[in-house]
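Hello,

Here is the structure we talked about handing over. My notes on it follow below.

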Amino acid sequence: MDKSLDLLATLSDGRPRSGASLATDLKVSRAAVWNRVKRLQSMGVDIYAVRGKGYQLARAFDFLDEHAIRHALSPAAAALLQDITVATTTDSTNQRLLELIPKQSIHGCAWLAEYQTAGRGRRGDRWLAPPGGAVCLSLGWRFDAPPKDLSALSLVVGIAIARALQRLGARGIGLKWPNDLLYEGRKLAGILIEMRSELGGPCSVVIGVGVNIALGDELRAQIDQPSASLTDTCERVLARNVVAAALLNELVALLQDFRQTGFGGQLRAWRELDALAGHEVELALPDRLVRGIASGVDAQGMLQIEHNGRMETFLSGHVRLTGKP
C-alpha cells in the first residue's frame with residue numbers, strides 16, 4: 001500500500017494537523033510527513049500547508065468501504081453481486097478482473113480502488129483520478145448467449161450511470177457516444193469495456209466506470225480535456241460509498257434488461273440523453289475524418305452522421321463536438 005494514504009487517513013476529518021503531531025501518530029520523521037504530503041499532491045489530492053496550524057485537506061475524506069457499499073445496495077443488486085473487493089491501491093480495476101477470467105467466473109464481481117496507478121480509458125488514454133476525488137469501479141458480467149447488438153453495451157452502461165447520478169440529484173447530464181457522460185460539455189464520467197469471448201460461445205465482459213466526484217484545479221489542469229465533477233452538478237457533497245452503490249444498482253438492473261431486450265429496449269432512453277444529436281461533429285477514423293451533423297444512433301447503437309448529402313452510420317471512432325445545432 002502507498003504509505004502516503006496513511007497520512008490521508010489521519011487527515012480524513014478535514015481538520016488541520018501539525019507536522020509534529022502527524023509525525024508522532026505515523027511514527028515517521030517530519031521530513032517523511034512532508035514527502036508524503038508532496039506525494040498526495042502529485043496524486044491530485046488537495047492538501048494545504050496552513051500557517052501556524054499544519055496540514056489540512058480541502059475537504060473531509062471518506063474512504064471506500066465494502067460494508068457501506070453493500071448496505072446501500074438494492075435487494076436485487078445485492079442478490080446478483082457475488083463479490084465486492086475494495087483495494088487501497090491497484091494498477092487498474094479492469095485489469096484485476098481480466099486476470100481472473102481464466103481462473104474463475106467474474107460474473108457479478110465488482111472491484112473498486114481508492115487509487116489506480118495505471119487507470120486507463122478508451123483508446124489507451126490514461127484516466128486520472130485522485131484518491132477521494134472519484135469512484136473507479138469495474139464490474140464483471142457474463143453473457144452465455146451474447147446479444148446481437150453487444151457492441152452497444154457501452155451505451156447501455158452510459159444510461160445506467162446517468163440514471164444513478166440523476167437519482168442522487170445530478171442535473172444537466174448528457175451522453176456522448178459511445179462512452180462518455182458530460183455536464184455542460186465537460187467530461188463527468190467515462191466507460192471502458194473489455195471483452196473475452198469464446199468462438200460461438202459465452203462472453204465475459206469487464207465494465208470499467210470512472211466518475212469524477214471532486215476535482216481540484218491543479219488536477220483539472222493536468223487533464224487534456226474540459227472536465228466536470230459531481231460536485232459541479234449536485235447541490236450537496238455525496239458520499240462515495242453511496243455513489244458506488246447507486247452505480248452498481250443501476251448497472252445490474254440494466255444489464256439484466258440488456259440480456260433480454262438488447263439495445264432496442266433502451267433506445268428511447270439514449271435519445272433523451274443524447275448530447276450530440278443535431279450538433280456539428282467530427283469523427284476520426286483510422287483512414288479518414290468525417291465532418292457532419294450528428295443524427296442520433298440507430299437500433300444497434302451505431303452513430304448516424306449526415307454529411308455530403310447522405311446519412312452514414314459508424315460502429316466506432318473518436319467523435320468530438322465542433323459546433324452548435
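Leaving aside residues up to four places away in sequence, R259 touches H107, W141, R142, F143 and D144, where contact means heavy atoms within 4.5 Å. This is a predicted model, in which local features need pLDDT of at least 70 and side-chain atom pairs count only at pLDDT 80 or more, while totals for chains, interfaces and linings use all residues. Residues are numbered from 1 along each chain as its sequence is written, and side-chain values use heavy atoms, with hydrogens and water left out.

R259 lies in helix α10; helices (H or I, at least four residues) and strands (E, at least two) are DSSP runs, numbered from the N terminus. With a relative accessible area of 27%, R259 is partly exposed, a class that sits between buried (under 20%) and exposed (over 50%), using a 1.4 Å probe and protein chains only. From C-alpha to C-alpha, R259 is 47 Å from V37 in space, and the two are 222 residues apart in sequence.

Next, the sheet. Seven strands form an open sheet with mixed pairing, in the order β3-β4-β5-β9-β8-β7-β6; two strands pair if DSSP finds at least two bridges between them. At the edges are β3 (83-90) and β6 (173-176), each pairing on one side only. On average, neighbouring strands are turned by 20 degrees against each other, direction ignored. Strands β5 (residues 134-143) and β9 (residues 203-212) pair in the antiparallel sense over ten bridges, and G140 stands opposite V206 in β9.

Both helices pack on this sheet. α7 touches β5, β6, β7 (180-183), β8 (186-197) and β9, and its direction makes about 135 degrees with that of β8. α10 touches β4 (109-116), β5 and β9, and its direction makes about 25 degrees with that of β5. Axes here are lines fitted to C-alpha atoms, for helices over the stretch in contact, and angles run from 0 to 180 degrees between N-to-C directions.

Last, the helix pair. The axes of α7 (residues 153-167) and α10 (residues 240-261) come within 8 Å and cross at roughly 140 degrees. The two are therefore oblique to each other, the class left once angles under 35 degrees (roughly parallel), over 145 (roughly antiparallel) and 65 to 115 (roughly perpendicular) are set aside. Residues making the contact include L153, V156 and R163 of α7, and V243, E250 and F258 of α10. The contact residues divide into 15 nonpolar, no polar and three charged; Ala, Val, Leu, Ile, Met, Phe, Trp, Tyr, Cys and Pro count as nonpolar, Asp, Glu, Lys and Arg as charged, and the others, Gly among them, as polar.

Regards
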